[in-house]
Amino acid sequence: MIINTHSHIYDEAFDADREEVFQRALEAGVEMLLLPNCDEKSIAPMMEFYEKHSDNVRVMMGLHPEEVRNDYKELLKIIEKNISDDIIGIGEIGLDLYWDDTFKKEQVEVLSEQLHWAKDLGLPVSIHTRNAFHEMFKVLDHEQDGRLAGVMHCFNGTYDEAKTALSYGFHLGLGGVITYKNCGVKDFLADIPMERIVLETDDPYLPPVPYRGQRNEPAYIVKTAEKMAEIYGVTTEDICKITSENAIKLFKLAIGSWQLPV
């Protein structure tokens with residue numbers, strides 16, 4: 001069994017064949033998809049897919065840092081209003097300074113507010129960090145009081161940044177990037193405990209080799225698992241089992257015989 005901890009299968013990129021994509025994921029061994037929200041417009045399609053496939057899908061609620069703009073306070077109100085008992089995490093949240101830092105201050109404020117929600121509700125977070133690890137760790141220095149847990153989604157930082165993320169109690173979310181030649185994470189991944197890793201795709205983005213240049217989809221997570229197995233010197237089945245158990249514990253999931261004590 002595989003748990004894909006970060007999929008945007010509700011994205012418009014899948015409008016033409018979403019059900020076929022979902023079926024391919026199930027056939028590949030993906031038993032559960034965790035879907036993070038992005039903004040106010042993604043809530044409806046995400047929840048519609050969840051309600052249709054609730055046996056194999058779980059959802060998070062959050063405001064993505066790239067969606068932070070002048071009306072961020074109103075957006076936060078909408079996001080918070082949609083946090084229900086069905087929500088298993090706060091995400092996708094974070095900091096993204098890749099394109100520009102126009103809303104850097106506002107991104108920090110939005111991140112901090114959503115971290116407060118997570119702590120108050122006892123929910124894990126899915127954190128997006130791009131060109132902003134220094135700023136992210138400053139926020140976590142202030143906010144981590146023992147109540148925060150979650151995933152550094154699509155982690156592609158240095159070994160020191162990985163160790164710092166782990167020191168805050170976070171897991172590293174790894175996807176197709178780990179199969180790229182220029183991904184530095186491959187060089188130190190074997191030094192990261194497997195118990196602190198979860199698998200993801202971030203579809204429709206960042207497809208693994210041999211699918212680069214194409215639309216990513218949840219079933220391709222198998223290629224990431226295979227690459228991780230090669231790096232750790234274990235079987236692909238070992239990677240799928242361990243990372244799924246990690247996800248179950250972190251997100252407090254109950255999946256038949258895979259239910260674990262929390």
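Helix α8 (residues 236-251) lies across strands β1, β2 (30-35), β3 (57-61), β4 (87-96), β6, β7 and β8, and runs at about 100° to β8. Contact here means heavy atoms within 4.5 Å, while axes are lines fitted to C-alpha atoms, for helices over the stretch in contact, with angles from 0 to 180 degrees between N-to-C directions. Helices (H or I, at least four residues) and strands (E, at least two) are DSSP runs, numbered from the N terminus. This is a predicted model, in which local features need pLDDT of at least 70 and side-chain atom pairs count only at pLDDT 80 or more, whereas totals for chains, interfaces and linings use all residues. Residues are numbered from 1 along each chain as its sequence is written, and side-chain values use heavy atoms, with hydrogens and water left out.

The sheet itself is open and has eight strands in the order β1-β2-β3-β4-β5-β6-β7-β8, with parallel pairing; two strands pair if DSSP finds at least two bridges between them. Strands β1 (2-4) and β8 (197-199) stand at the edges with a single partner strand each, so one side of each is left without a neighbour in the sheet. From one strand to the next, the twist averages 30°. Within the sheet, β6 (residues 150-153) and β7 (residues 170-174) pair in the parallel sense over three bridges, and Val151 has His171 in β7 as its bridge partner.

The largest pocket has a volume of about 840 Å³, and of the 29 residues that line this pocket, His64, Glu66, His128, Asp202 and Tyr205 are the closest to its centre. On a 1 Å grid over the protein atoms alone, a pocket is an open set of points with protein on both sides within 12 Å along at least five of seven lines, a cavity is a set where a 1.4 Å probe fits but cannot get out, and lining residues have an atom within 4 Å of a point. Grid points are joined across faces, edges and corners, and a volume is the space filled by probe spheres set on the points. Strand β5 (residues 125-130) gives the most to the pocket lining, with three residues.

A search of the whole structure also finds one cavity of 30 Å³ or more. The largest cavity, with a volume of about 30 Å³, is lined by Cys154, Phe155, Gly173, Leu174, Gly175, Val177, Ile178 and Cys183.
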